[in-house]
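Please have the sequence and the model in view while reading.

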Amino acid sequence: MSTQPRPRPAQPASTGSDAHVDPAGAVDPSSPDLWAVVDALTEWLDGSQPVGGREGLLLRVLKLSEEVGEVAQAVVGATGQNPRKGVSHTWEDVQSELCDVVITALVALRTLTPEAAAVFAARLTHVAERSLGGPGDRPAGSAPRP
């Protein structure tokens with residue numbers, strides 16, 4: 001795994017036709033080429049980050065904490081748990097913030113390795129096998145392991 005960010009492009013990258021972005025800029029979330037969009041976002045960020053090198057890499061990973069905090073804020077707002085603010089968010093806001101966490105994590109992973117898609121696929125397979133196993137791996141009626 002490389003700990004060095006990729007070289008910064010001179011200008012933001014075009015996502016091209018492989019990224020499945022329509023003329024209005026909307027990404028097709030069912031696109032099999034999610035990683036083309038992740039690559040384009042990573043290149044765009046690389047081209048506009050004020051801090052590079054190892055420090056820039058660390059800041060990109062720390063961005064995840066900020067995004068998770070926004071999920072927490074949205075949940076508190078959707079449930080009205082802050083009596084001063086009341087219900088300030090919707091569950092759709094929570095969904096959007098969760099998507100931001102996923103996107104930020106994928107971009108951070110891509111920043112760490114050009115093999116992000118393979119790393120992610122291998123980890124997803126590992127977690128699925130560990131958690132879901134085969135039909136004989138857990139008693140009937142039991143829930144998958146977290």
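The protein chain has an average pLDDT (the predictor's confidence in each residue, from 0 to 100) of 81, and 69% of the residues score at least 70. Over residues 1–19 the pLDDT is below 50, yet this stretch has 29 contacts in the model beyond near neighbours in sequence; contact means heavy atoms within 4.5 Å. Where pLDDT is low, the predicted coordinates should not be read in detail. This is a predicted model, in which local features need pLDDT of at least 70 and side-chain atom pairs count only at pLDDT 80 or more, while totals for chains, interfaces and linings use all residues. Residues are numbered from 1 along each chain as its sequence is written, and side-chain values use heavy atoms, with hydrogens and water left out.

**Exercise 1. Determine the secondary structure of the protein chain.**

Step 1. The chain comes to four helices and zero strands; helices (H or I, at least four residues) and strands (E, at least two) are DSSP runs, numbered from the N terminus.
Step 2. Read from the N terminus, the order of elements is α-α-α-α.
Step 3. Of the 146 residues, 22% are buried, where buried means under 20% relative accessible area, exposed over 50% and partly exposed in between (1.4 Å probe, protein chains only).

**Exercise 2. Compare the span of H1 with the expected span, and state what covers its buried residues.**

Step 1. The buried residues of H1 are Trp35, Ala36, Val37, Val38, Ala40, Thr42 and Asp46.
Step 2. Their cover includes helix H2 (53–79), helix H3 (91–112) and helix H4 (116–132).

**Exercise 3. How are H2 and H3 oriented to each other?**

Step 1. Their axes come within 9 Å and cross at roughly 170°; axes are lines fitted to C-alpha atoms, for helices over the stretch in contact, and angles run from 0 to 180 degrees between N-to-C directions.
Step 2. H2 and H3 are therefore roughly antiparallel, since angles under 35 degrees count as roughly parallel, over 145 as roughly antiparallel, 65 to 115 as roughly perpendicular and the rest as oblique.
Step 3. The residues of this contact comprise 16 nonpolar, three polar and seven charged. Ala, Val, Leu, Ile, Met, Phe, Trp, Tyr, Cys and Pro count as nonpolar, Asp, Glu, Lys and Arg as charged, and the others, Gly among them, as polar.

**Exercise 4. Describe the contact of H3 with H4.**

Step 1. The axes of H3 and H4 come within 8 Å and cross at roughly 120°.
Step 2. H3 is therefore oblique to H4.
Step 3. H3 contributes Leu106, Leu109 and Arg110, and H4 contributes Ala116, Val119 and Phe120.
Step 4. By class, these are five nonpolar, no polar and one charged residues.

**Exercise 5. Is threonine 104 buried or exposed, and which residues does it touch?**

Step 1. Threonine 104 lies in helix H3.
Step 2. Its relative accessible area is 13%, so threonine 104 is buried.
Step 3. Not counting residues up to four places away in sequence, threonine 104 touches Lys63, Leu64 and Glu67.

Conventions. The expected span of a helix is 1.5 Å times one less than its number of residues.
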